[in-house]
Amino acid sequence: MTYASIDAAWWPYLFILLAGWLPTEMWRWAGVWFSGSIDEESEILVFIRALATALVAAVIARLILFPTGNLADLPVWLRAGSAAIGFFVFLSAGRRPIYGIVTAEILLLSGGAMI
């Protein structure tokens with residue numbers, strides 16, 4: 001049995017539910033359940049926070065250095081420069097992510113329109 005072997009209109013939705021949402025939701029509820037008994041400054045939470053930050057940084061680095069789709073058409077200096085200036089604005093604005101994200105997006109879109 002394969003994904004394409006079932007030709008019902010409801011099958012993709014059931015597949016998304018079973019393969020995507022259900023396993024993820026289980027771990028979210030486990031996190032909620034166990035988070036009440038873990039100290040916020042414990043070593044395990046510091047490790048998890050560092051790991052999550054490293055994963056986000058790796059995804060951003062991959063998007064900058066090895067992009068796909070329309071982002072690959074933009075030069076690397078524009079992608080890296082937009083990210084660097086967006087990060088500077090994020091720090092300057094009191095660590096508010098929305099300002100850094102919007103700044104980087106505006107720079108990326110306007111730079112892409114000029115090229």
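Two words need cut-offs: buried is under 20% relative accessible area, exposed is over 50%, and partly exposed is in between, with a 1.4 Å probe and protein chains only. Helices, at least four residues of H or I, and strands, at least two of E, are DSSP runs numbered from the N terminus.

Before going on, the source. This is a predicted model, in which local features need pLDDT of at least 70 and side-chain atom pairs count only at pLDDT 80 or more, while totals for chains, interfaces and linings use all residues. Residues are numbered from 1 along each chain as its sequence is written, and side-chain values use heavy atoms, with hydrogens and water left out.

Back to α4. Which residues of α4 are buried? They are Gly100, Ala104, Leu108 and Gly111. Seen down the axis, the buried residues of α4 fall within an arc of 75°, so they line one face of the helix. The arc is taken from the directions from the helix axis to the C-beta atoms. Among what covers these buried residues is α3 (76–92). As for length, α4 covers residues 97–114, and its 18 residues should span 26 Å at 1.5 Å a residue; the end C-alpha atoms are 26 Å apart, which agrees. The expected span is 1.5 Å times one less than the number of residues.

Now α3. This helix has 17 residues and reaches 24 Å from first C-alpha to last, close to the 24 Å expected at 1.5 Å a residue. Its buried residues are Leu78, Arg79, Ser82, Gly86 and Phe90. Down the axis of α3 they fall within an arc of 105°, so they too line one face of their helix. What do the buried residues of α3 pack against? They pack against α2 and α4, where contact means heavy atoms within 4.5 Å. On the other side of α3, Trp77, Phe88 and Ser92 are exposed. Just after α3, Gly94 takes a positive phi of about 75°.

Next, charges. How many salt bridges does a search of the whole structure find? It finds 1, a salt bridge being a side-chain nitrogen of Lys or Arg within 4 Å of a carboxyl oxygen of Asp or Glu. The side chains of Arg28 and Glu25 meet in a salt bridge at 3.5 Å, N to O. These two are 3 residues apart in helix α1, so about one helical turn separates them. Arg28 is exposed, at 52% relative accessibility, whereas Glu25 is buried, at 18%.

Last, the surface. Trp33, Phe34, Ile38, Ile44, Phe47, Ile48, Leu51 and Leu55 make a nonpolar patch of about 870 Å². The elements giving two or more residues to this patch are α1 (11–35) and α2 (43–65), and α2 gives the most, with 5. Patches are made of residues with over 30% relative accessible area and no salt bridge, joining like charges within 9 Å and nonpolar side chains (Val, Leu, Ile, Met, Phe, Trp, Tyr) within 5 Å. Accessible areas come from the Shrake-Rupley method with a 1.4 Å probe, and for residues only the protein chains shown count as cover. Ile38 sits in the loop between α1 and α2 and is partly exposed, at 34%. Leu55, in helix α2, is exposed at 54%.
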